[in-house]
Amino acid sequence: LWQSGLLDRLHPMLSHTIVACAHDDDNWAMLMEDISPTLMPNRPYTAAELYLLLDALATIHATFWEAEGLADPTLGLCTHRHVLEVFTWATARRFATICPVSEALEEGWPLLQELMALDVIDVLDSLYADPQPLCNALARYPTTLIHGDYRGANLGINWSSPAQVMLFDWQLAACSAATIDLAWLFAAHNVFLSPVTLDALTDYYQQRLCEKLG
C-alpha cells in the first residue's frame, strides 16, 4: 500500500506513519514515525476523541468509495473472507505458535460457545465451516478501503492545529464493506463505556460519510 502510493491519497487529517520500506528477498522492514505521545489512552474515550476518529474513518471510506484500483491484486489487500476468518478458532489453531493472540483465540472460542444461545452457536458453527454466505452478503454492499483493525490499539491523535489521526498496523487492510471498520471501533470497551451512545455515534458517522460522498 505504501509502495504503490495508495496511502499517499489519504486526507491530510490522517497519517499512516510509514516513512520508508525495504526488502531483501523474503525479509521486510518498515521505518515508522515514533508517535508514542499520541497513542489512544486505555480509558473511555471522550466525545471529542470519538467524533474525530469517526470523521477520519468517514474520510478514508469516502476517499476510496467504489475505487476501481482497489481490485489490483498487487496491492495485497485482504478479501471479505480474509477479514472474516482472521480471528476465528481455525485460524488460531493454524498459527498457534506465532503470538499470544492465537492462544487466546483457541481458548476463547469454546468458552464463548458456553455463554451463547444454541441457535446463535449453530449459525456461527455453520459460518466457521463455510463463511461464503456471509461473504456473499457483504458483496452486495459498496466497497471501499478499510483499515481492517480500526481500534484504539492502532490509533493515535495529534491535537496540534489542525488535529490529525495517526493510523498504523495496516496489515489487515481490505477492499470490503465500510461497516467492518465501524464494528471494530465500537467493539472496544473504550467506546462502549464512553459518554456517547452507539446510536449517536453511528448517526454521526453516517452523516459525515454522506456529506463527504455528496
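**Exercise 1. How are α1 and α7 oriented to each other?**

Solution. This is a predicted model, in which local features need pLDDT of at least 70 and side-chain atom pairs count only at pLDDT 80 or more, while totals for chains, interfaces and linings use all residues. Residues are numbered from 1 along each chain as its sequence is written, and side-chain values use heavy atoms, with hydrogens and water left out.

Step 1. Locate the helices: α1 covers 47-63 and α7 covers 179-186. Helices are DSSP runs of H or I with at least four residues, strands are runs of E with at least two, and both are numbered from the N terminus.

Step 2. Take the angle. The two helices pack at about 160°, and their axes are 11 Å apart. Axes are lines fitted to C-alpha atoms, for helices over the stretch in contact, and angles run from 0 to 180 degrees between N-to-C directions.

Step 3. Classify. Angles under 35 degrees count as roughly parallel, over 145 as roughly antiparallel, 65 to 115 as roughly perpendicular and the rest as oblique. α1 and α7 are therefore roughly antiparallel to each other.

Step 4. From α1, the contact uses Leu53, Leu54, Leu57 and His61; from α7, Asp181, Leu182, Leu185 and Phe186. Contact means heavy atoms within 4.5 Å.

**Exercise 2. Classify the crossing of α1 and α9.**

Solution. Step 1. The axes of α1 and α9 come within 9 Å and cross at roughly 40°.

Step 1. The pair is therefore oblique, and its crossing is right-handed.

Step 2. Among the residues that meet are Leu50, Tyr51 and Leu54 in α1, and Leu201, Tyr204 and Tyr205 in α9.

**Exercise 3. Which residues of the largest nonpolar core touch the most other members?**

Solution. Step 1. A nonpolar core is a set of buried Ala, Val, Leu, Ile, Met, Phe, Trp, Tyr and Cys residues joined through side-chain atoms within 4.5 Å. Buried means under 20% relative accessible area, exposed over 50%, and partly exposed in between, with a 1.4 Å probe and protein chains only.

Step 1. The largest core has 39 residues, and Leu53 and Tyr150 touch the most other members. Elements that each supply at least two residues include β5 (155-158), β6 (164-167) and α9 (198-213). The most, nine residues, comes from α1.

Step 2. Leaving aside neighbours within four places in sequence, the contacts of Tyr150 include Leu53, Ala56 and Leu57, as well as Trp184 and Leu185.

Step 3. A separate core of seven residues includes Val83, Leu138, Ile146 and Ala177.

**Exercise 4. What is the strand order of the open three-stranded sheet?**

Solution. Step 1. The order is β1-β6-β5, with mixed pairing. Two strands pair if DSSP finds at least two bridges between them.

Step 1. β1 and β6 are parallel over two bridges, and Ser15 stands opposite Met166 in β6.

Step 2. β5 and β6 run antiparallel and are joined by four bridges; Gly156 has Met166 as its bridge partner in β6. The two strands form a hairpin with five residues between them.

Step 3. β1 (14-15) and β5 are at the edges with a single partner strand each, so one side of each has no neighbour in the sheet.

**Exercise 5. Why does strand β3 lie largely in the open?**

Solution. Step 1. β3 spans residues 27-32, and the number buried among its six residues is zero, so the strand lies largely in the open.

Step 1. β3 runs antiparallel to β2, with six bridges joining them. One of the bridges sets Asp24 against Asn27 in β3.

Step 2. The hairpin of β2 and β3 has two residues between the strands, and Asp25 in the turn has a positive phi of about 60°.

**Exercise 6. Is Thr17 buried or exposed, and what of Glu66?**

Solution. Step 1. Most residues other than glycine have a negative phi, and most peptide bonds are trans.

Step 1. Thr17, in the loop between β1 and β2 (18-24), has phi near 75°. At 1% relative accessibility Thr17 is buried.

Step 2. Glu66, in the loop between α1 and α2 (80-85), has a positive phi of about 55°. At 47% relative accessibility Glu66 is partly exposed.

Step 3. The peptide bond from Ser161 to Pro162 is cis, with omega near -5°. Pro162 lies in the loop between β5 and β6.

Methods:
Left-handed = near helix turned anticlockwise from the far one by under 90°.
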